[in-house]
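Please take a look at the model below. The report that follows goes through its surface, its fold, its helices and its charged pair.

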Amino acid sequence: MALTSPETTARRLPGMAEVLLAGRPSHDAAELRSELWAVTPGHLHQVALEAAHTALLQVPAGHAAD
């Protein structure tokens with residue numbers, strides 16, 4: 001979903017309702033855009049490394065992961 005489209009608020013309504021019902025803080029589209037622009041390649045790399053070290057792998061019976 002583009003946070004810059006005219007329909008942004010309408011498209012976000014279900015998620016905004018969930019946030020409200022869960023008692024979590026809500027953020028407007030400008031705040032979300034700002035958070036997204038603050039993400040750097042370094043942040044993504046850190047998350048990828050964590051995921052790679054904690055991921056589970058399933059393989060079919062009789063096969064090995066390597």
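## Surface and burial

The chain exposes about 5,900 Å², and 63% of that area is supplied by carbon and sulfur atoms. Accessible areas come from the Shrake-Rupley method with a 1.4 Å probe, and for residues only the protein chains shown count as cover. Of the 66 residues of the chain, 9% count as buried. Here buried means under 20% relative accessible area, exposed means over 50%, and partly exposed lies in between (1.4 Å probe, protein chains only).

## Model and confidence

This is a predicted model, in which local features need pLDDT of at least 70 and side-chain atom pairs count only at pLDDT 80 or more, while totals for chains, interfaces and linings use all residues. Residues are numbered from 1 along each chain as its sequence is written, and side-chain values use heavy atoms, with hydrogens and water left out.

The pLDDT score is the predictor's confidence in each residue, from 0 to 100. Its mean over the chain is 90, with 98% of residues reaching 70 or more. Helix 2 has the lowest confidence, at a mean of 91, and helix 3 the highest, at 94.

## Overall fold

You will find 3 helices and 0 strands in the chain, running α-α-α from the N terminus on. The chain is more spread out than a compact globule, because its radius of gyration is 18 Å, well over the 11 Å that the globule rule gives for 66 residues. That radius is taken over C-alpha atoms, and the globule rule is 2.2 Å times the number of residues to the power 0.38. Along the principal axes, the C-alpha trace spans about 50 × 30 × 25 Å.

Helices (H or I, at least four residues) and strands (E, at least two) are DSSP runs, numbered from the N terminus.

## Helix 2 and its alanines

Ala29 belongs to helix 2 (residues 29-38), and Ala30 lies in helix 2 as well. Ala29 is buried, with a relative accessible area of 16%, whereas Ala30 is partly exposed at 42%. Leaving aside neighbours within four places in sequence, Ala29 is in contact (heavy atoms within 4.5 Å) with Leu3, Thr8 and Arg12.

Ala29 and Ala48 are 26 Å apart in space and 19 residues apart in sequence; for Ala30 and Ala51, the values are 29 Å and 21 residues.

## Helix 3

Helix 3 (residues 41-54) reaches 20 Å from its first C-alpha to its last, close to the 20 Å expected for its 14 residues at 1.5 Å a residue. That expected span is 1.5 Å times one less than the number of residues. Helix 3 is hardly covered, with 0 buried residues among its 14.

## The salt bridge

A search of the whole structure finds 1 salt bridge, meaning a side-chain nitrogen of Lys or Arg within 4 Å of a carboxyl oxygen of Asp or Glu. The side chains of Arg24 and Glu18 meet in a salt bridge at 4.0 Å, N to O. Arg24 counts as partly exposed at 44% relative accessibility, and Glu18 counts as partly exposed at 49%.
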